[in-house]
Amino acid sequence: MELVTVDHVLAAQKVLRGVVRQTPVESSRVLADWHGGEVYLKCENLQRTGSFKLRGAYTRIHGLTAQERARGVVAASAGNHAQGVALAASLLDTEATVFMPERVPLPKLDATRGYGADVHLTGEVFDDTLAAAVEFAERTGAVFIHPFDHPDVIAGQGTLGLEVLDQVPTAGTVLVAAGGGGLVGGVAAAVRGLRPEVRVVGVQAEQAAALPPSLAAGEPVRLPQVHTMADGIAVGQPGAGTFRHVAELVDEVVTVTEGSLSRAVLLCMERAKQVVEPAGAAAVAALLQHPGRFPSPVVAVLSGGNVDPILLLKIIRHGMTAAGRYLALRLRIPDRPGSLAGLLSLLGERGVNVLDVEHTRISGALELGEAEVGLNLETRGIGHCAELVSVLRNAGYTVLAS
């Protein structure tokens with residue numbers, strides 16, 4: 001694959017005019033204070049279908065011949081690409097078939113069907129889903145729409161970069177979530193062609209980071225496994241074309257922890273009033289984990305907002321724990337009337353909200369006259385957690401775990 005140029009991206013922008021929204025950019029004071037320089041959020045989570053994927057899917061399908069469109073298109077996806085392909089196909093009067101994993105979250109399944117696609121639930125893991133889609137394309141003649149490794153897809157995703165340069169002309173760094181590399185490669189193609197001094201940085205989840213070893217090896221490398229809450233960037237191997245774009249156009253790739261991802265989702269909700277999925281919050285996670293590292297002003301792309309409500313509840317809890325807002329404790333207290341009440345009273349005096357209590361007298365590790373108490377507490381942050389543990393120990397309680 002030849003490198004996509006800014007001319008290709010500009011051509012894609014004309015194709016997408018009236019189809020995609022120019023999503024807003026919002027300044028973030030809390031992230032600016034944390035980072036030590038201006039920070040802006042590119043709210044692509046507010047795009048049609050809830051992510052950037054419509055840009056690439058529409059550009060790709062629009063570029064098909066009339067004969068190819070008549071055969072229909074097929075895709076494999078766990079969510080965002082599925083919705084982008086489904087809507088793009090409906091807008092272009094093309095039949096879309098989408099293969100999704102059997103355990104795909106219900107909101108993503110309903111949305112894909114709502115955009116008009118014929119959905120097949122196939123496979124426990126995504127590789128099985130992908131194989132079924134490829135087999136369908138070979139058997140029926142439908143055109144397979146790759147989620148990232150095609151020049152039209154890369155050019156379409158790159159139109160987001162054009163918007164960033166127009167909306168934040170003083171930008172010093174653009175932070176972009178990276179899975180297969182289509183979005184970060186497209187954004188880099190746009191930025192390199194117009195403002196080569198602006199740094200483009202890809203962000204991957206530590207437990208699904210295929211780009212760093214691929215860049216070190218000089219070719220795409222497949223990870224033995226991926227395991228991250230950020231399913232939108234959980235790609236085990238970059239494509240050959242997207243790898244070349246990242247290797248030649250992207251300045252840097254950084255990784256972030258699961259804790260940083262969950263904290264980023266929580267911060268976006270609480271402080272920016274933006275609902276984002278973990279992959280969509282990866283750029284914010286990079287700012288939280290690497291403050292001061294990137295030249296300002298920084299534009300962090302919120303690449304998607306399609307998060308299952310059940311997963312969101314778990315992420316919020318995980319993010320609050322990572323931020324020190326939840327504290328789980330196990331401790332020993334005297335087994336006599338009033339001991340538990342005294343413990344809870346002490347916690348209340350310190351401004352702690354007790355979420356639940358587990359009390360037991362049955363354990364081989366307990367001395368006679370002792371009881372063990374498990375507590376889940378809502379606190380005011382990491383410093384408050386450390387203060388509580390110190391107060392409890394000074395009061396004579398044996399703290400077993402925190």
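This is a predicted model: local features need pLDDT of at least 70, side-chain atom pairs count only at pLDDT 80 or more; totals for chains, interfaces and linings use all residues.
The protein has 402 residues, and buried ones make up 53% of them. Its secondary structure comes to 16 helices and 14 strands. Laid along its principal axes, the C-alpha trace spans about 80 × 45 × 40 Å. Contacts also tell us how the chain comes together: of those between residues at least 6 apart in sequence, 72% join residues at least 24 apart.

Now back to the strands. Valine 73 belongs to strand β3, which covers residues 73-76. This strand is part of an open sheet of four strands, arranged in the order β5-β4-β3-β6 and paired in parallel. At the edges sit β5 (118-121) and β6 (143-144), each of which pairs on one side only. As a general point, the strands of a sheet pair through backbone hydrogen bonds, and they may do this in a parallel or an antiparallel way.

Look at the two neighbours of β3 in turn. Towards β6, the strands run parallel and are joined by two bridges. Towards β4 (residues 96-100), the pairing is again in the parallel sense, this time over four bridges.

Where do the side chains of β3 go? In a regular strand, side chains alternate between the two faces of the sheet. In β3, Val73 and Ala75 point one way, while Val74 and Ala76 point the other way. Whichever way they point, all of these residues are buried.

A helix also packs on this sheet: α7, made of residues 126-140. Helix α7 touches β3, β4 and β6, and its direction makes about 165 degrees with that of β3.

For α3 (residues 53-62) and α8 (residues 151-167), the axes come within 7 Å and cross at roughly 135 degrees. Because of that angle, α3 is oblique to α8. The crossing of α3 past α8 is right-handed. On the α3 side, Lys53, Arg55, Gly56, Thr59 and Arg60 take part, and they meet Asp152, Val153, Gly156, Gln157, Thr159, Leu160 and Glu163 of α8. Sorted by type, the residues of this contact are two nonpolar, five polar and five charged.

Proline 107 is found in helix α6, residues 106-114. With a relative accessible area of 38%, proline 107 is partly exposed. Setting aside residues up to four places away in sequence, proline 107 touches Asp308 and Pro309. Between proline 107 and glycine 186, which lie 79 residues apart along the chain, the C-alpha atoms are separated by 28 Å.

The other residue is alanine 322, in helix α14 (residues 309-322). Is alanine 322 buried or partly exposed? Its relative accessible area is 31%, so alanine 322 is partly exposed. Apart from its neighbours within four places in sequence, alanine 322 is in contact with Gly259, Ser262, Arg263 and Ile382. Alanine 300, by contrast, is 22 residues from alanine 322 in sequence and 21 Å away in space, C-alpha to C-alpha.

How values were computed: Residues are numbered from 1 along each chain as its sequence is written. Side-chain values use heavy atoms; hydrogens and water are left out. Axes are lines fitted to C-alpha atoms, for helices over the stretch in contact, and angles run from 0 to 180 degrees between N-to-C directions. Angles under 35 degrees count as roughly parallel, over 145 as roughly antiparallel, 65 to 115 as roughly perpendicular and the rest as oblique. A crossing is left-handed if the near helix is turned anticlockwise from the far one by less than a right angle, and right-handed if clockwise. Contact means heavy atoms within 4.5 Å. Ala, Val, Leu, Ile, Met, Phe, Trp, Tyr, Cys and Pro count as nonpolar, Asp, Glu, Lys and Arg as charged, and the others, Gly among them, as polar. Buried means under 20% relative accessible area, exposed over 50%, partly exposed in between (1.4 Å probe, protein chains only). Two strands pair if DSSP finds at least two bridges between them.
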